[in-house]
Amino acid sequence: GLSLREIADLLEEKGVCPADEFLDYLDTADLSQYDFVAELPDDDRYHRLEGYLFPDTYTFYLGEDPKYVLNKMLVNFDRRFTDEMRAEVQENGYSVRDIVIIASMIEKETDGTDRDKIASVIYNRLERPGETGGLLQIDAALVYAAGRAITQEDYTTLDSPYNLYQHTGLPPTAISNPGMSSITAALQPAETDYYYYVLGADGKHVFSE
C-alpha cells in the first residue's frame, strides 16, 4: 500500500540507497525487458511504475545500487503475477495495467476484510456506469493527487486526472503498490449490485445498492 515516494523514503531511512537516486533511476531506466512495463505509456516515467513494486520482505546490502533494488522488486512482481493470472485478465477484457490500478485503489480503501466487495463496487461503476455516470469517486485517488489530507472543497476544485469525482473511468496510474490480496480481489471481485460504501461507526464499511 505504500507509494513510490514512500518506498524511496523507506529505502533511504534503512540505509539501502538515497531516495532521490532511486527515483532518478525510475525516471531514466530502460525497463522494456519487462513486458508489463513495455506496455505502459511513456509520458510519465516516474509515476507509470506506481503499483509494480511488489510489497514483500526484501534483503538488501546497505548502500545498494538503486538498479538492483528496483529490478529485484519488478522481478518479484513478474513472478507473482503469473501467466494464469495474465490469461484471466485478458479473458475478462482488461489489461495487467488495469488490474494493478484497480488493486491499488482497493488496497487504499479496504479495512482488510472487504477487498472483494470494494472490487465489486469499482467494476459495477465501470461496467454499468448508468447508476453513477462512470465516476468511481474513490477518495484515496484524490488523496494521492493532493499529497495531503483532502478537504470538502477538493472534491469539486482539485484539478487532476486522479480526481475521480470529476473524471470518469480509471486514474492514469495506480495510486499505491498493492499486495497479492488486493490483486486477487481485482481479479475475482464479489458478485454484488453494490454501488456505494460508507465507513460505519465500527470502522467497517457498509455497502449499498
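Residues are numbered from 1 along each chain as its sequence is written. Because the model is predicted, local features need pLDDT of at least 70 and side-chain atom pairs count only at pLDDT 80 or more, while totals for chains, interfaces and linings use all residues, and side-chain values use heavy atoms, with hydrogens and water left out.

**Exercise 1. Describe the surroundings of Arg 48: where does Arg 48 lie, is Arg 48 buried or exposed, and which residues does Arg 48 touch?**

Step 1. Arg 48 belongs to helix 4, which covers residues 45–48; helices (H or I, at least four residues) and strands (E, at least two) are DSSP runs, numbered from the N terminus.

Step 2. The relative accessible area of Arg 48 is 9%, so this residue is buried, a word that means under 20% relative accessible area, with exposed meaning over 50% and partly exposed in between (1.4 Å probe, protein chains only).

Step 3. Leaving aside residues up to four places away in sequence, Arg 48 is in contact with Ala 29, Val 37, Leu 40, Pro 41, Asp 42 and Thr 173, where contact means heavy atoms within 4.5 Å.

**Exercise 2. How many salt bridges does the structure hold, and which parts of the chain does the pair of Asp 20 and Arg 5 tie together?**

Step 1. Side chains of opposite charge can pair when their charged atoms come close. A salt bridge is counted when a side-chain nitrogen of Lys or Arg is within 4 Å of a carboxyl oxygen of Asp or Glu, and the structure holds eight of them.

Step 2. One of these joins the side chains of Asp 20 and Arg 5, at 3.8 Å from N to O. Since Asp 20 is in helix 2 (residues 19–28) and Arg 5 is in helix 1 (residues 4–13), the pair ties together parts that are 15 residues apart in sequence.

Step 3. Arg 5 is partly exposed, at 36% relative accessible area.

**Exercise 3. Where does Asp 35 lie, and where does Arg 86 lie?**

Step 1. Asp 35 and Arg 86 form a salt bridge in which the closest N and O atoms are 3.2 Å apart.

Step 2. The partners sit in distant parts of the chain, Asp 35 in helix 3 (residues 35–38) and Arg 86 in helix 6 (residues 83–91), 51 residues apart.

Step 3. Asp 35 has a relative accessible area of 41% and is partly exposed, whereas Arg 86, at 15%, counts as buried.

**Exercise 4. Describe the largest pocket: how much space lies in it, and which residues are closest to its centre?**

Step 1. On a 1 Å grid over the protein atoms alone, a pocket is an open set of points where a 1.4 Å probe fits, with protein on both sides within 12 Å along at least five of seven lines, and lining residues have an atom within 4 Å of a point.

Step 2. The largest pocket holds about 290 Å³ of space, a volume being the space filled by probe spheres set on the points.

Step 3. The lining has 16 residues, and Ile 7, Leu 10, Asp 56, Tyr 58 and Met 73 are the closest to the centre of the largest pocket.

Step 4. Helix 1 gives the largest share of this lining, three residues.
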